[in-house]
Amino acid sequence: MSHRTAVAALVTCAALLAATGCSSNFGSDKKTTQDTGSKQHLTVLIASSGGAETKAVKDAAAAWAKQSGNTVTVDVAKDINQQLAQSFAGHKPPDAFYVDSSQFANYAKGGSLYPYGDQIKDADDFSAQLRTSFTYDGKLVCLPKDTSTLALAINTRLWKKAGLTAKDYPTTWAQLKTVAGKLTKGNVTGLVINGEYARIGAFMREAGGWITNSDQTKMTADSPQNAKALDYVRSLLKSGSLKYATQVDTTWGGEALGKGKAAMTIEGNWLAGGMKADYPDAKYAVVPLPAGPAGKGTLAFSQCWGVAQESAHRTAAVDLVTYLTTRAQMLKNADSFGVMPSRTSALAEYAKKNPSAKAWADATAYAQGPVTVAGFDKVLTQFNTDLAQLNTGDPEKILADLQSNGEQALTKGN
């Protein structure tokens, strides 16, 4: 469940390595000599959601190794952002690794990533929105390994107990407010979410707003649309029909849903794996997020397969990543640990095989990708701090601060 808290508590390379700028080549024009041998050993670093994902990656890497004649060691990071930043600074990076969208621009700007996108013949099969998220200076730097979107998950037992049926599934903000109020009773809260932009941001999109313009060159945070979204969320908080996960003694929406503390939550498709592992007896349904004043909206999350600029095995590493992102491998991963394919062709097949995930799969057509500007992760961390106090805060002040902080980051990051 790598996206439960998408931004909070991330250790940024900017903070860790201000002196190096996160660049593996900082202060040196030395080029890494490339290994052209037939038997090379590659190292891979991943941030795993659990045993199923670790096994899937290791099995796929082993299959590639057998086919290519090379060998691969796959390591699971305890804190991948910190470990990558340290490895770049020490000039000993893994050959291939997961790169979170929140850190992508930091690494790309620092010169730590080898841009290999132009070597992928069928790159246009990957979602256009995801390709944009991992493009820097006009180049597709790395391939998105999978994708996730947000949808509304409903505890069907509590839903029925409140006298509601499938016909009552909310499709508008007004309906969401009504059912959330009706479901809030005793120890049950109608809607429980994580108090962060990676959930509340969906309401901003539904209101017709977002943090930046489409090419991430201008801040658009202090807009009437975004203010309308935060006002709406604050009204739910004040009514008590919406609470943050921490307010009901849980760590995320899935836990609140599984324990029966929440009748509804807003989570991504990683919810399926979490519920299966921790709350196998819980019954729930997943439906699209209710539309706002501007229509449908949701958020998209992803990581990409990075290849180190300083790797001595770049050609082999690109070949490995190409193998790991084939249509067939993505469908295997979907079966193994529940992620959605980032290839359009594979996503269509995934949706047919997993009807319960239809809301998440369909949402990729209108999902908003993350802000990927160097240094912007710190801006979003502050935004999350402010959103945690939204119940008593001033939405316009919160957005004005986001606007100001973001403008400074855009000036430095672009």
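**Close-up 1. Helix H9 passes helix H17 in a right-handed crossing.** Here, right-handed means that the near helix is turned clockwise from the far one by less than a right angle, and left-handed means anticlockwise. This is a predicted model, in which local features need pLDDT of at least 70 and side-chain atom pairs count only at pLDDT 80 or more, while totals for chains, interfaces and linings use all residues. Residues are numbered from 1 along each chain as its sequence is written, and side-chain values use heavy atoms, without hydrogens and water. The axes of H9 (residues 224–239) and H17 (residues 395–413) come within 9 Å and cross at roughly 135 degrees. Axes are lines fitted to C-alpha atoms over the stretch in contact, with angles from 0 to 180 degrees between N-to-C directions; helices are DSSP runs of H or I with at least four residues, and strands are E runs of at least two, numbered from the N terminus.

**Close-up 2. Residues at the contact of H9 with H17.** H9 brings Asn226, Ala227, Leu230, Asp231 and Arg234, and H17 answers with Pro395, Ile398 and Leu399 (contact: heavy atoms within 4.5 Å). By class, five are nonpolar, one is polar and two are charged.

**Close-up 3. The disulfide of Cys142 and Cys304.** One disulfide turns up in a search of the whole structure (cysteine sulfur atoms within 2.5 Å). Its sulfur atoms lie 2.1 Å apart, and the S-S torsion is about -70 degrees, so the disulfide is left-handed. Cys142 sits in the loop between strands E5 (139–140) and E6 (143–144), and Cys304 in strand E13 (residues 303–307), 162 residues apart. Both cysteines are buried (under 20% relative accessible area, 1.4 Å probe, protein chains only; exposed is over 50%, partly exposed in between).

Terms used:
Nonpolar A, V, L, I, M, F, W, Y, C, P; charged D, E, K, R; others polar.
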